[in-house]
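Please keep the sequence and the structure in view while going through the points.

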Amino acid sequence: MTEMRLTPLQYMERVAAHFGTAPHAVFVSTFGCQQNEADSERLCGMAHAMGYADAATEEEADLILINTCAIREHAELKVLSYLGTLKALKEKKPALLVGVCGCMPAQGHRVEQLKKSYPYVSFTLDPASLDKLPEVICTLLEGGRRRFVTGEENPPIAEGLPCARRVRHKAWVSIMYGCNNFCSYCIVPYVRGRERSRASGDILREVETLVADGCHDITLLGQNVNSYRGDCDFAALMEKIACLPGDFRLRFMTSHPKDVSDRLISVMAEHGDKIAPHFHLPLQSGSNDILARMNRRYTRERYLTTVGKLRAAMPHIALSTDIIVGFPGETEEDFNATLQVIEHVEFDMIYSFLYSPRKGTPAATMEAQVDAAARAARMERLLAVQNDIALRLATPYVDRTVRVLADARGKQEGILAGRTDTNRLVYFAAPEEMIGQFAYVKITRAEPFALRGELINPK
Ligand code: 5AD
Ligand code: SF4
């Protein structure tokens, strides 16, 4: 007999009632990008609503949720090796529930592997099905069989789910899910489905609540935020949020270079009091041939034009980028073209990745895969070039006073780590009570990837 489906909130109540006063705890492990961090906060929020407390370690947990990443093979191998370490726990505690969530179990071959080789995995949820967590837990607790859930391609966005935020002073706000771009190397469109945007009213309400709660740094998240299409476009959404009162700075990621509009650039320049002067604009390659094979739909010339517009409107804007090294067919000449763009633009920060073939993507079966030694040698060259640039750009910070949001304790006693509005890492001596507050710091030393300075305003 099939039972009528309840809402996620009703399932949460039912699980909480199932446990009654018996203590039960959840441990959430997150791999991958900021979208996953944000998703994990929802998973954790739902678990709390089901009465789970936070477990300090996996050993103390009754439910272990693993939020996984599939962007590169290395990410998947890390998850599988972590999963291996949980086998003994399940043997010791047969009632333990282990759930594998996120991008990895959105791939059929991985689900098959988990079914067969990891019998202690109790359930999987793909990124479009995370709101099914309460239902799945409920059926498992009531004696149901293992579940492997993959959602519809275009599921409605579940609003109003609880969220357990890890820190108060900064937050991620998803504005859209999925991706329609199908860059030829990328698994994301296959595992996260088509683009779906949240309504701007829901986003604005979430930001207002965060700001009222003391949040000072808000990052709007989406695979390609520039193609946000709620009831307005992305530039208009940014403007609406920037007009909200409160002491916060606004960031966003990730942008696709083909979609950066002039309007977005002018909104950023007009609202410099709220919108951080930082733009993450993944270049991937500086060679037009490779960009075409990547299906990126822009040329290096167009990319450089956008950079020129950003700098004309905001001379001190910090730029960061993603580069893939060793894409199939990348010649020395192609790679040199990438280095040229890097030298020309002078990025504050580069996230560089060795190309990793992803099953089911067009690039995985392209001819002329670059061998591992050549990829590694190119990566080394890129890192050396970027190291010099990063130091060159950091040096002028010395003797300047910058606003820093104190984020966390640094490695040394008495030292805090924070970020400038341009997203540079800064270490400075300050009391721990300053974590979560804006501070003004005079920079005394510049290193390629960190600045060091002195607090000048103990607030
Ligand atoms: N191999 C290497 N890097 C990849 N990225 C995406 N897919 C791959 C892949 N198959 C990188 C891109 C993207 C970033 C999030 O990850 O640079 O911008
Ligand atoms: Fe992947 Fe391209 Fe979509 Fe980014 S824009 S998520 S790289 S397919």
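1. How far does a backbone N or O atom of Ser356 lie from a nitrogen atom of ligand 1? The distance is 2.8 Å, a polar contact (a pair of N or O atoms within 3.5 Å). The protein covers 87% of the 400 Å² of accessible area that ligand 1 has on its own, as given by the Shrake-Rupley method with a 1.4 Å probe.

2. This is a predicted model, in which local features need pLDDT of at least 70 and side-chain atom pairs count only at pLDDT 80 or more, while totals for chains, interfaces and linings use all residues. Residues are numbered from 1 along each chain as its sequence is written, chains are lettered from A and ligands numbered from 1 in the order in which they are written, and side-chain values use heavy atoms, with hydrogens and water left out.

3. Two further polar contacts involve ligand 1. A polar side-chain atom of Arg72 is placed 3.0 Å from an oxygen atom of the ligand, and a polar backbone atom of Tyr185 is 3.1 Å from a nitrogen atom of the ligand.

4. The shell around ligand 1 (residues with a heavy atom within 4 Å) includes Ile71, Gln284 and Asp322. Its residues comprise six nonpolar, two polar and three charged; here Ala, Val, Leu, Ile, Met, Phe, Trp, Tyr, Cys and Pro count as nonpolar, Asp, Glu, Lys and Arg as charged, and the others, Gly among them, as polar. Strands S13 (318-325) and S14 (349-354) each supply at least two residues of this shell; strands are DSSP runs (E) of at least two residues, and helices (H or I) of at least four, numbered from the N terminus.

5. Around ligand 2, the residues include Cys179, Cys183, Cys186 and His256. Tyr185 belongs to this shell and also to that of ligand 1. The shell of ligand 2 has seven nonpolar, three polar and one charged residue.

6. A cis peptide bond, with omega about 5°, joins Met253 and Thr254, and Thr254 is in the loop between strand S11 (249-253) and helix H10. Glu346, in the loop between helix H13 (332-345) and S14, has a positive phi near 60°. Most residues other than glycine have a negative phi, and most peptide bonds are trans.

How values were computed:
Polar contact = N/O pair within 3.5 Å; in protein donor to acceptor, adjacent residues only side chain to side chain.
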